[in-house]
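Hi,

Have a look through it first, then read on.

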Amino acid sequence: MAHHVPAEQPPEPEPRTLGRRRFLGFVLAAPTLAVAAQIGVAELAPGQAEASIPSLPQPEDIFDLGDLQNVAALPTSGLITVGVGTDGRASFAVPRAEVGQGMTTAVAMMIAEELDLPLDRIDVTLADARPELLMNQLTGGSNSMRSIYTPVRTAAAIARQRLLAAAAAQWGVPVSQLTTAAGTVRHSGGRQASYGSLSKAAASATTISVVATLKARSEFKVLGTPQNRLDAHASVTGTKQFTLDIDVPNALPTMVARPPTINGTPRTIANAAQVKAMPGITDVVAISHGVAVRGRTFGQCIDAIRALKVTWGPGTVDGESDATVFKKLKAAQLPMAVPGLLDQYIDAEFTFAAASNSPLETGAAIADVRPDRAEIWSCLKVPIVAQEDIAKQLGLPLDAVKVHVTQGGGSFGRHLFHDAAAEAAEASQKMGKPVKLMWSRTDDFRQGRIHPMCVTRVRATYLLGNVLSFEQRHTSVQTEFSHGLGEMLTAFASRLPIAGNLSFAESIFLLSQSSPYNFGVTTQLLNEIPLKFNTGSMRNIYSPNVVTAEELVVDQLAKKFGKDPVAFRREFLKDDRLRAVLDKAAQVGNWGRAMPAGTAQGIALHAEYRGAIAVLVEIDCRPETVDREIPDAVTGPRVTKALVVVDPGFAINPRGLEAQMIGGLNDGIAMCLTSSVHIKDGIPLEGSWDNYFYTREWNTPPETQVVVMPNTSANPSGAGELAVAPSFAAVACAYARAVGKMPTSFPVNHGTLSFEPLPLQPSTPPSPTDGLDHAF
């Protein structure tokens with residue numbers, strides 16, 4: 001059940017450019033109406049941070065990762081256009097990826113609002129790779145709505161103005177006598193014309209500069225109202241097209257036999273000719289990190305992979321295991337600066353196992369590579385980087401490689417990388433034929449991207465009812481940021497509120513992490529160890545681990561001070577928006593109610609992407625409940641009730657926002673209780689959903705409620721990842737209260753290997769579980 005609190009609208013903030021709600025844009029030279037927006041730095045720059053606080057502002061408080069992405073998108077915002085055709089339909093090719101977050105529906109709502117056009121007459125597609133957009137075609141960091149909200153609305157508003165002007169000129173009447181509704185321009189005397197009939201007249205033979213006036217929030221009829229996703233019917237009826245549903249002539253199923261360790265390379269194939277002679281198989285070729293097999297069906301490809309006899313070269317992390325990685329992380333920890341004061345301090349250390357992004361759709365791509373050109377289809381969150389890399393890999397000019405962005409069946413950071421597209425391109429080039437490449441689920445778990453193992457240490461000192469210092473040292477296996485964010489950081493380094501020659505990862509850490517509490521001298525620092533696992537950003541990047549460690553320590557501080565956890569948080573919070581979501585969560589969730597032994601409530605807070613959120617959960621850790629509910633699965637606690645209270649700034653689509661919060665909640669439950677990969681001999685042991693325990697029905701809360709707070713801003717904050725960290729932390733805090741001991745290793749069931757690993761190669765016996773080293 002989800003509950004949307006009716007929004008009491010605060011006064012609109014004064015705009016900073018061109019007067020009230022007025023924005024600059026362009027009518028582009030085109031046969032029918034095409035409009036673009038140009039947003040200035042002053043409009044998207046972050047506001048000034050408050051200075052009168054006991055803890056100094058951290059970099060993320062002043063200028064966060066989303067602000068960096070907004071600034072990076074500015075130079076090419078005028079290249080994003082809304083069009084109106086002779087059929088009266090509006091079209092927009094959004095330069096972001098749709099991976100299930102409902103982004104295309106939100107964009108359609110923006111256009112519908114400013115253009116006065118019904119939602120079902122707006123076509124939002126995904127743009128191909130457009131190198132001219134530079135850094136304005138990256139989907140990540142919960143930034144899509146923040147960065148395109150004003151440009152898209154501006155373009156749509158200009159389109160409406162041009163249609164009005166075209167009608168006024170044709171009818172010889174002032175524009176002030178005209179209105180728009182449902183895709184028509186209407187005159188007060190009763191005359192009307194459809195948008196389609198005016199689209200050519202509204203176009204311009206040359207590109208001209210115009211100024212648009214955006215609607216006030218009080219005038220909204222679409223934005224801010226709950227809407228069903230435009231692709232919902234296609235999704236539930238199976239007609240929605242993903243990568244492998246696309247029909248490209250002669251692109252046959254292709255799969256890859258992979259090495260027994262991460263990033264191993266094929267040295268010899270002992271039986272390539274025999275395998276190629278198997279039913280349906282057309283090609284067998286070695287590629288960078290495997291052997292690609294092309295056949296008439298995926299089943300035939302699987303049979304061929306099982307029959308292959310390959311000698312493999314070494315990988316990049318051979319011999320590494322949970323235990324060896326943990327030891328290296330411990331050795332690389334940065335020292336604390338503030339010594340413990342007598343016994344007035346808390347020292348805590350937390351270990352987080354590696355985890356898989358595990359989107360429902362595995363890696364997939366179609367490639368048709370010819371001697372002089374190539375065409376690629378894949379779900380890509382940074383298609384410009386994919387296009388550049390693949391062109392270089394194939395030895396082709398950039399403009400000879402066309403990259404189409406397809407709908408994705410989930411991502412959680414996985415599709416920031418274009419591994420499958422690059423493999424498909426390599427296989428197609430070597431075979432000289434189009435391929436439709438699919439990763440198996442085992443490929444995805446073992447050779448795909450993972451959120452790396454990490455260790456967080458926290459020290460908090462206190463005296464006389466005050467927290468004097470809060471230090472957090474986060475040590476992680478290196479996270480790869482070669483997907484565009486690193487380039488963005490380099491290009492805009494001079495604008496960042498951080499000093500020193502920091503790595504990409506350290507910069508992203510500082511631009512995404514800050515403590516919401518007045519805890520005196522506060523520092524949060526990252527250090528990485530250079531192990532070459534295939535890593536990447538998982539949903540919410542560093543925050544789930546960092547925030548969980550912090551919130552567990554906050555509960556310990558409250559206990560030391562003899563205070564209720566909610567009351568303690570209220571006292572030390574910096575931000576009124578966080579205090580408001582905390583109060584609402586405590587009220588709606590009946591915080592502090594009496595509960596049986598072995599059960600408990602937990603609460604946690606988070607502020608990121610300019611949003612604020614509180615999560616309150618109830619957990620049941622009683623053995624008799626666990627044994628009865630989960631007879632054949634991993635034993636462990638069950639979250640029985642969950643409440644998410646979110647302040648998203650402005651909620652574009654409250655229904656879509658609620659879905660995002662529920663998804664983030666389930667991610668957090670999984671990370672806390674069940675979801676991880678076990679590393680042994682240089683590779684994850686998990687190879688199927690039977691092995692990888694993402695949130696199941698048995699530990700999904702039977703009662704879930706989402707409360708969307710009244711709008712506190714004229715603009716949306718980032719929301720796609722906002723709920724993950726506080727959900728993880730709230731479940732961890734509830735678990736600690738229920739069992740009477742603070743957990744320090746996550747997920748809590750990682751130490752128990754409850755499955756027999758699948759074979760690393762079909763021709764080898766299953767890996768033994770005896771002697772598996774556990775770091776924690």
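Predicted model: local features only at pLDDT ≥ 70, side-chain atom pairs only at ≥ 80, totals over all residues.

Which backbone oxygen lies 2.9 Å from a polar atom of the side chain of Arg449? The backbone oxygen of Thr535 does.

Residues are numbered from 1 along each chain as its sequence is written, and side-chain values use heavy atoms, with hydrogens and water left out.

**Confidence and overall make-up**

The chain has a mean pLDDT (the predictor's confidence in each residue, from 0 to 100) of 87, and 88% of its residues reach 70 or more. Over residues 1-20 the pLDDT is below 50, and this stretch has 47 contacts (heavy atoms within 4.5 Å) beyond near neighbours in sequence. Residues 762-776 also stay under 50, with 35 contacts beyond four places in sequence.

There are 21 helices and 32 strands; these are DSSP runs numbered from the N terminus, with helices (H or I) of at least four residues and strands (E) of at least two. Of the 776 residues, 60% count as buried, where buried means under 20% relative accessible area, exposed over 50% and partly exposed in between, using a 1.4 Å probe and protein chains only. Among contacts between residues at least 6 apart in sequence, 79% join residues at least 24 apart.

**Back to Arg449**

Arg449 sits in the loop between helix H13 (441-447) and strand E22 (450-451). With a relative accessible area of 9%, this residue is buried. Its side chain is joined to that of Glu480 by a polar contact of 2.8 Å; such a contact is a pair of N or O atoms within 3.5 Å, where within protein one must be able to donate a hydrogen and the other to accept it, and residues adjacent in sequence count only if both atoms are side-chain atoms. Leaving out residues up to four places away in sequence, Arg449 touches several others, including Arg414, Phe417 and Asp419.

Asp419 is also one of the buried residues of H12. Helix H12 (residues 419-431) reaches 18 Å from its first C-alpha to its last, close to the 18 Å expected at 1.5 Å a residue, a span taken as 1.5 Å times one less than the number of residues. Eleven of its 13 residues are buried, and the helix is followed by Gly432, whose phi is positive, near 70 degrees.

**Glu114 and its helix**

Glu114 belongs to helix H4 (residues 103-115) and counts as buried because its relative accessibility is 2%. The Glu114 side chain makes a polar contact of 2.8 Å with the side chain of Arg153, and reaches the backbone nitrogen of Lys215 at 3.3 Å.

Glu114 and Arg153 are both among the residues where H4 and H5 meet. The axes of H4 and helix H5 (residues 144-171) come within 8 Å and cross at roughly 35 degrees; axes are lines fitted to C-alpha atoms, for helices over the stretch in contact, with angles from 0 to 180 degrees between N-to-C directions.

**Two last items**

Ala216, in the loop between strand E10 (208-213) and helix H7 (232-237), is 498 residues from Ala714 in sequence, yet their C-alpha atoms are 9.2 Å apart. In helix H3 (residues 65-73), nine of nine residues are buried.

Best wishes
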